[in-house]
Amino acid sequence: MTVINLLYISISGNTRAFANHLAEYAKTQHQANAEQPLIHLEEVSDATQNEGETAPYFVMIPTYLDGGNGIDNGFHELMTTAMGDYLREPGNAAWCRGIIGSGNRNFNEQYCLTAKEYCKEFNVPFLADYELRGTDKDASRIYAILVKVAQADA
């Protein structure tokens, strides 16, 4: 395994910033030990053309909601629906190996709710979470999780 594929969607720039941070962390790990995989990033947006996934990948998604708390009054996703649409394209979800969620802990039960809902819908594991732009510690922790899952899948 030389590369981990990571698809993400970013609205405010926080997810993009953390995805780049994670890819940079992977690069330093790979430079120290060539057996450690790099991370290949692909940003999904409304303009993304589905070419069909043909290799394992992971998803990173923030939570933006337009109502609903995910507990007793529904779930109304806002602005990140392009990722859900992409995953719903025939065959794409079958290659997804897990989802990483982000959000703001101030929103309590809604924290990472989009990622958790996607996990249910697409029957994939919720692997990890981080808040806002993440930290160095988050990058290290999440990279280790991605490597472990990817190696088990190989």
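Is Ser45 buried, partly exposed or exposed? Ser45 is partly exposed, because its relative accessible area is 33% (buried means under 20%, exposed over 50%, and partly exposed in between, with a 1.4 Å probe and protein chains only). Ser45 sits in the loop between strand E2 (38–43) and strand E3 (57–62). Helices here are DSSP runs of H or I with at least four residues, strands are runs of E with at least two, and both are numbered from the N terminus. Along the sequence Ser45 and Met83 are 38 residues apart, yet in space they are 7.1 Å apart, C-alpha to C-alpha.

Before going on, a word on what you're looking at. This is a predicted model, where local features need pLDDT of at least 70, side-chain atom pairs count only at pLDDT 80 or more, and totals for chains, interfaces and linings use all residues. Residues are numbered from 1 along each chain as its sequence is written, and side-chain values use heavy atoms, with hydrogens and water left out.

**The overall layout**

The protein chain has four helices and five strands, and they follow the pattern β-α-β-β-α-β-α-β-α along the sequence. Of its 154 residues, 40% are buried.

The five strands make an open sheet, ordered E2-E1-E3-E4-E5, with parallel pairing (two strands pair if DSSP finds at least two bridges between them). At the edges you'll find E2 and strand E5 (126–131), each of which pairs on one side only. Strand E4 (residues 96–103) is joined to E5 by five bridges, and Gly101 stands opposite Asp129 in E5.

Now for the helices. Helix H1 (residues 14–32) lies across strand E1 (3–8), E2, E3, E4 and E5, and runs at about 160° to E2. Helix H2 (residues 81–88) lies across E1, E2, E3 and E4, at about 155° to E3. These angles run from 0 to 180 degrees between N-to-C directions, using axes fitted to C-alpha atoms, for helices over the stretch in contact. Contact means heavy atoms within 4.5 Å.

**A look at Ser10**

Ser10 is in the loop between E1 and H1, and it counts as buried because its relative accessibility is 9%. Leaving aside residues up to four places away in sequence, Ser10 touches Thr15, Arg16 and Glu43. Its side chain also reaches the backbone nitrogen of Gly13 at 3.2 Å, while a polar atom of that side chain lies 3.1 Å from the backbone nitrogen of Arg16.

**Salt bridges**

A salt bridge is a side-chain nitrogen of Lys or Arg within 4 Å of a carboxyl oxygen of Asp or Glu. By this rule there are six salt bridges, including these:

| Pair | Closest N to O |
|---|---|
| Glu43 and Arg16 | 2.7 Å |
| Glu121 and Arg88 | 2.7 Å |

Glu43 in strand E2 and Arg16 in helix H1 are 27 residues apart, and the pair links distant parts of the chain. Glu43 is partly exposed at 31% relative accessibility, and Arg16 is partly exposed with a relative accessible area of 31%.

Glu121 forms a salt bridge with Arg88. Since Glu121 lies in helix H3 (residues 113–122) and Arg88 in helix H2, the pair ties together parts that are 33 residues apart in sequence. Asp85 joins Arg88 and Glu121 in a network of salt bridges.

Lys120 and Glu117 are both in helix H3, three residues apart, or about one turn of the helix. Lys120 is exposed at 62%, whereas Glu117 is buried at 17%.

Definitions and conventions: A polar contact is a pair of N or O atoms within 3.5 Å; within protein, one must be able to donate a hydrogen and the other to accept it, and residues adjacent in sequence count only if both atoms are side-chain atoms.
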